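Subject: Structure for you to look through

Dear colleague,

I am handing over a structure that I would like you to read alongside the notes below. Please open it first and keep it in view while you go through them.

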Protein chains: 2
Amino acid sequence: MRTIDRTHDAAATSWLGSANAPGTDFPVQNLPFAVFRRAGSRETPRGGVAIGNEVLDLAALSGTQCLDGLALQAAQSCAAPVLNDFFALGPVAWRTLRGALFDLLHKGTAATTPSHVEAVRGCLVPQPDVEYVLPVRIGDYTDFYTSIHHARTISRLLDPKGEVPRNFQWVPTAYHGRVSSIGIAGQQFRRPHGQALRDGSSTPEYGPSRRLDYELELGIYVGAGNALGERIALSRAEDHVFGISLLNDWSARDIQAWEMAPLGPFHAKNFATTVSPWIVTMDALAPYRKPWTRPAADPQPLPYLESESHRAGGAIDIRLEVSIETHRMREARLPPEPMSRTSFRHHYWSVAQMVTHHAAGGCNLQAGDLLGSGTISGPEPAEAGALMELALSGKKPVQLSNGERRSFLEDGDAIIFQGWCEREGFSRIGFGFNHGLVLPALSQSEE
Amino acid sequence: MRTIDRTHDAAATSWLGSANAPGTDFPVQNLPFAVFRRAGSRETPRGGVAIGNEVLDLAALSGTQCLDGLALQAAQSCAAPVLNDFFALGPVAWRTLRGALFDLLHKGTAATTPSHVEAVRGCLVPQPDVEYVLPVRIGDYTDFYTSIHHARTISRLLDPKGEVPRNFQWVPTAYHGRVSSIGIAGQQFRRPHGQALRDGSSTPEYGPSRRLDYELELGIYVGAGNALGERIALSRAEDHVFGISLLNDWSARDIQAWEMAPLGPFHAKNFATTVSPWIVTMDALAPYRKPWTRPAADPQPLPYLESESHRAGGAIDIRLEVSIETHRMREARLPPEPMSRTSFRHHYWSVAQMVTHHAAGGCNLQAGDLLGSGTISGPEPAEAGALMELALSGKKPVQLSNGERRSFLEDGDAIIFQGWCEREGFSRIGFGFNHGLVLPALSQSEE
């Protein structure tokens, strides 16, 4: 786990005013990474760091005299259109660059001479002027299923006597997901077609999904990998993690119900997955760690998934909010409406346990692999991370304040995730937004 | 489906003697593609085509005067260390290059002037002198479950009253697999660790798999992709397929049994998958097509998975053989021993149906994606494509002629797949070998 150092000092301010604005997602204590270019341009995308309302262009910065040594080498690796090489440099390089950027952006350290400030100012691009692309070439995408509150609700919705699968408390359950359909925030995707059993029918139909849903997840980026056939000890698991973004695992529940046994979801998930552009580093998250606990009545983890230091700080208090913006709300210029709030601290398995379990059979993780945390639902019904849970599979539709109701997503609905961390004595840091929009299904004539 | 043309003429011979040897996998009618370099060298890998005992180096060939037009452009795209760009050119380019290579290698066509023969000879590298690498940068790997004979046997082995899943006859079932652990023939991998429930225990243990198995599959390479949100009509599905190799989907049955419900196999599969180097093109397979049939008592496919021309020739008669070479056999210099034989013609779902179903929800396939056919088992018990089936889950171990018996794989076992096509009036063409070796599990001290 990362340590708390000068970069987390709540008293630190930046010479850039927007970084000190109350409620900003991107104070100098955050410094998340993305890949961007000027919107609508043909520029080669490159790495950038968020500060206030600006993006610090790391390709431009590595052409200045502001950095040297390992920090310069790390910034140079961010000048590429994907951050895989930067991720592969490992945690010392990540931390060194973070520290150097903090020193350059922080008001009143030795590094912030007037000429440095001028040079850094020349590398800033206003956030409203940029567009984001996927931050890495994702080699493999793995989606977990590790919130026991989500698992309990879903199991009961599928079968009134349904229980959490018996392996759930032993195995950080995961399945491999589809890489090609992962898109960056702003993704618009067609409602998928698929096979489903309609009520009362014993044979399936092929047609547009009628039970489209979102899943509130975090996207966990593997930084440095492991060799095929080797494992990753729990104590070192987070050295392999670069950082965390927001992830929407869009799901077609009717297709999923029919196809899922015995090999898991396929069409129900592989039409679209949306990630937010900004990756908040594990270093930035250091102050928001929480003890990882498990109810005493539950089976405790097998030894490879258990350690004292993990119990002390294995969880992370990442607050999350899901909002909806329907077509009618957009037309009426109403703001998106929050539907649920929760925190990642309730998760049954931690980031470190997911990483260690993933490699426990010798599977090689690689820089730029993406892990979905699994749907994040808290203990209360209002903390559910999917619409199917909030609306009890259509039995209790969600009532919106403009009079609309939702059991599942409709065409034109946008779903917006936000995430942030806050703790007494520390700054608030945020993840930005993750939004995606449902388009109507492809019609027969468009084929 | 591809048409039969001059490149399939059984009377055609090559000026290269080894291409005309009886029983060769690589006559002039085959011309499969791989990526290779001289063994032990630091050469940049590049595309090659098998002819007799040689590899025709396509990077070298594109530097000669032997090709022009689209054939030259296609050959140039094969000069790269991966064939993704070549695959993305599409079926006309593939067929044009195939035709041009046939004309150059065939004895007695206008293209085979003495100077051309001399130039082509200069581009040949003996197969024993080369090593192979993965032929493409695999974007996504999808593994199917589409042999009803395999599904029936496995269902009964797991539960005496077990039946084929009820969606099996409607859905070409598939799950996403792991890309990073896919290796080329010759792959040696450690026996994986994982969680399993041992007999009589109600809590799982973590340790080396005791039920390691192989699965006989074909590896189907996507040639040209589809855009996200679009579909692929069954009639055009094979235009998106470049060709087929052999694939071993190594499986840990004890880990699989414990982890699989509800999201499918993960650790049980993601430690290693082995593909053979040579990709036999769909063009080369044209003569070996068979009608695609389904028992009249079974549900017939939904309209998007059904057509008259598909019924006429949707199946392919690819003969397959699995052999084992144990450590003791290797020590005693005994040859590998065949354990089973079958054909892909028995498969319940076809290549075209797999491709169409994969894209039916709008999932975008990309050049270089890999599809595993699913375990290929024929109707007879001796045609089983996995050791678990052959040995009835350990109830009837396979007896080898040197006195050894196998219920599951032991350390030091090598598994070898071979594949070939033959039909009266046409040449025999082969797939070469796919072999892989089980190494002992990592010990605690090696961590």
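In this predicted model, Phe26(B) has a relative accessibility of 5%, and because buried means under 20% relative accessible area, Phe26(B) counts as buried. Trp278(B), with a relative accessible area of 4%, is buried as well.

Phe26(B) and Trp278(B) form a tilted pair, with 5.7 Å from centre to centre and 55 degrees between the planes. Phe26(B) lies in the segment before strand 1 (33–38) of chain B, while Trp278(B) lies in the loop between strand 16 (273–275) and strand 17 (280–281) of that chain, so the pair ties together parts that are 252 residues apart in sequence.

What kind of pair do the rings of Tyr214(B) and Phe417(B) make? Their centres are 6.2 Å apart and their planes stand at 70 degrees, so this pair is edge-to-face. It links distant parts of the chain, since Tyr214(B) is in the loop between strand 12 (212–213) and strand 13 (216–222) of chain B, and Phe417(B) is in strand 25 (residues 414–421) of chain B, 203 residues away. Tyr214(B) is buried at a relative accessible area of 0%, and Phe417(B) is buried with a value of 0%.

In chain A, one aromatic cluster is formed by Phe33(A), Phe86(A), Phe87(A), Trp94(A), Tyr221(A) and Phe242(A). A charge also meets a ring there: the charged end of Arg294(A) sits over the ring of Trp349(A), 4.3 Å from its centre. In chain B, Arg294(B) lies over the face of Trp349(B), at 4.3 Å from the ring centre.

Please look at Ser147(A) too, which is placed in the loop between strand 6 (141–144) and helix 6 (148–158) of chain A. Ser147(A) is buried, with a relative accessible area of 1%, and if residues up to four places away in sequence are not counted, it touches Phe168(A), His347(A), Tyr348(A), Thr375(A), Ile376(A) and Ser377(A).

How are the two chains related? Chain B can be laid on chain A with an RMSD of 0.0 Å by a turn of 180 degrees and a shift of 0.0 Å along the axis, which is the relation of a two-fold axis. Among the residues of chain B, Gly264(B) comes closest to the rotation axis, at 2.3 Å for its C-alpha. Of the interface residues of chain B, 100% are also interface residues in chain A, so the copies meet through the same surface.

Note on methods:
Residues numbered from 1 in each chain as written. Chains lettered and ligands numbered in written order. Predicted model: local features only at pLDDT ≥ 70, side-chain atom pairs only at ≥ 80, totals over all residues. Heavy atoms only, no water. Helix = DSSP H or I, 4+ residues; strand = E, 2+ residues; numbered from the N terminus. Buried < 20%, exposed > 50% of the residue type's maximum accessible area, 1.4 Å probe, protein only. Contact = heavy atoms within 4.5 Å. Phe/Tyr/Trp six-rings, centres within 6.5 Å; stacked < 30°, edge-to-face > 60°. Lys NZ or Arg CZ within 6 Å of the ring centre and 35° of its normal. Least-squares fit on C-alpha atoms with pLDDT ≥ 70 in both.
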